[in-house]
Amino acid sequence: MAAAVAAAGRSWRRVSSFTGPVPRFRHGHRAVAIRELLIIFGGGNEGIADELHVYNTVTNQWFLPAVRGDIPPGCAAHGFVCDGTRILVFGGMVEYGRYSNDIYELQASRWLWKKVKPQPPSTGSPPCPRLGHSFSLYGNKCYLFGGLANESEDSNNNVPRYLNDFYELELQHGSGVIGWSIPVTKGILPSPRESHTSIIYCRKDLGIPKMYIFGGMCGCRLNDLWELDIGTMTWSRPETKGTVPLPRSLHTANVIGNKMYVFGGWVPQAAEGEISAQDSEWKCTSSFSYLNLDTTEWISLIPDCPEDNSNLLPGPRAGHCAVAVGTRLYIWSGRDGYRKAWNNQVCCKDLWYLDTEKPPAPSQVQLIRATTNSFQVKWDEVPTVEGYLLQLNADLPVSGIPVTGVPEASLLSSQGAPVIHQSQQSVNMVLPPEIKLDLHGHANNMVPNNVHVSVSSNSLLKLEAKENKTEPENTVMQETTKNHTDSKGFKESNAPSFLPACTSGLQASANVGELHDLDTRTVNPDASVSSNISSTQTMVTQQAVKTESSSTNGAVVKDETSLTTFNAKSEVDESTFIMQSNRVSPGQRNDINEHLPKTTPLRQMATVKTRERQWYDVGIFKNSSALVSQFYLLPEEKASISNKTEKEDVPDYRLLKKQDLLPGTVYRFRVAAINGCGVGPFSKVSEFKTCIPGFPGAPSTVKITKSVDCIHLSWEPPASPSGNILEYSAYLAVRTTHIQENPNQLMFMKIYCGLKTSCIVTAAQLSNAHVDYTARPAIVFRISAKNERGYGPATQVRWLQEMKTSSLK
């Protein structure tokens, strides 16, 4: 049976270790995902549960948020949808025989419940109390179909009535609801049913949203598929190909990409391969299929799970919850059968996930700091991955140094990165004991490149539940949150950050982030949340990233008074790479030779076309950052393995020789993410150059303090000054009418030169500032230090502009 999964290129994983208060196991519950958080509500076993539970898929932590407001009663088989950071609950069973048609809204940014009352439809009655209905969200509307109602006014006298009514609920922007309506539809309505599934899918090429209803219960189990064109409100029965799943109810259906994944549920107990119309015997199943929504073809992945495979695959269950986080599918609890002798349900106690496809390419590698023989690099995290494969290739060391007064540096990613004190970090890369990477994510086979960062208390982003949180007027909140790829429906200006308050790896800048151009005296109360539990739990909070900084190279200063041109882009296409050279005098070439290593350069590093260069593994990293000082040389007979765009096998690094990074050398980096399906595509290539000995490092711990008519810019000396610092220079990116040959270059004006580690930037100077839109809108500063040899790398600081805090949707 496991071979069936392997044949489909997929592998289930059981989550074996987690922390926090685990919710009691149940069925009839519902769950949604907000970024990496699974939020579970309702259901029950021996009573209906009314707690709200949250599971962090990154830290494997359960926690109970401190909810407030109009807290709803516990319910089961209810409607549960997520719109941004608000969740809507409709209907469900609140006690045996008594159903609900109430609507509650949860603002997850504040864990605040509110009961909402929509207007009734202009024609007809509002939905009656029910359970087992479907409740689907698209745009600003929820679509309600079917369910089970109790015809009897006495809840103890349960008279079931199956429904096939169809309603539309219009939502208000951000919070609240407007009202119910009964759409006029064409075609034939699906037959009455409950415990079915409903999903909404919109093809990218057509842009037409369609709702699909599958299965359910109406005296017998069903396996019919219905389609509603939401644009024309037309019902139809699409023709399908492949093997249709068995009739079922209490199953789950989730859309990932263009596929609807159907798992589990109650299916008829086949008697000699035959299924009766009015089936009286049934069983739970673990069968797993998907429907290609573009071709309407059913593909069976797992027919069912024998008991001897229960440790490899999720066991049979019904009434469970299934949630998609990115391309990963999570399944938790549910009931696995009914024990008549015990007169109760037996619930599953396990949590599983399945990676349905290889992860997307990460962002380009970004430079945090360069030294003579190492790089501190980072990249944006990819959701639901188990590690990252980092690779590099290189040119020969350059035989030149910059003239006096020219900051020595390398090409920099246009996405600036934070500077972190060298004394505040330690990096350990543990090599895998097996030749092949165990993609099941076992700790002893994954390379945990744990980067421990010591952050001072005054730079931590505090998470509090005070309604009117205030900050001193002249302080800067530093970035201590993880950098997330914001691709799941959150706007950059008000994106919440769902993060662990404490983790073991490098998650963000310790000293420098991005500074918003806003009055920091007040913060929207929606922006902070507390669950009233330990500091190691996950919290939902407004992102408060303020400044962004990085060590930058490849800078050219024309003279002491003119504008300075810095390269602001390092995105290098592998097939069209053009090397930039530094012009130096013959005397300077002799000078640099004294600082270069006397070893013979690697044969593999000869200057050739980029597409022909050999890529070398730096290693597998668990976190999205790395301190790179070495890379691994593959044996000659296996030298081509690292050139694969996607590779499944990872060598045993213990058997490979290591090569140290060399001073004054250009290195190109790319990174790929790894999940249960294998290694995904590589990122675009970034390029950086190691420093040359004798020059100072980049200034660090840059702070920006805002005053009424100016800002105060301060920094700390380089961690490695390489002698006495003679002066610092600070530059401001300014607007210019000069037509530049390279539109990606920024023009900088020197605003300070001296020995002090601070300066004032006046309002007049700021009025000429260029606003950089390559990422989030920001004013850009650069600061560099000079010693007897000349200027070292510059530190870039991006001061965010026009970033407003507002209530989350």
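Strands β16 and β17 form a hairpin with 3 residues between them, and Gly 219 in this turn has a positive phi of about 85 degrees. Strands here are DSSP runs of E of at least two residues, numbered from the N terminus. The model is predicted, so local features need pLDDT of at least 70 and side-chain atom pairs count only at pLDDT 80 or more, while totals for chains, interfaces and linings use all residues. Residues are numbered from 1 along each chain as its sequence is written, and side-chain values use heavy atoms, with hydrogens and water left out.

β16 covers residues 209-217 and β17 residues 221-229; the two pair in the antiparallel sense over 7 bridges. Two strands count as paired if DSSP finds at least two bridges between them. Within this pairing, Gly 216 stands opposite Leu 222 in β17, and Phe 214 stands opposite Leu 225. Of the 9 residues in β17, 8 are buried, that is, under 20% relative accessible area with a 1.4 Å probe and protein chains only.

β17 also pairs with β18, in the antiparallel sense, over 3 bridges. Leu 228 has Trp 235 in β18 as its bridge partner. The hairpin of β17 and β18 has 4 residues between the strands, and Met 233 takes a positive phi near 55 degrees there.

These strands belong to an open, antiparallel sheet of 4 strands in the order β15-β16-β17-β18. β15 (197-202) and β18 (234-236) stand at the edges with a single partner strand each, so one side of each is left without a neighbour in the sheet. From one strand to the next, the twist averages 25 degrees, with axes taken as lines fitted to C-alpha atoms and angles running from 0 to 180 degrees between N-to-C directions.

Note on methods: Buried means under 20% relative accessible area, exposed over 50%, partly exposed in between (1.4 Å probe, protein chains only).
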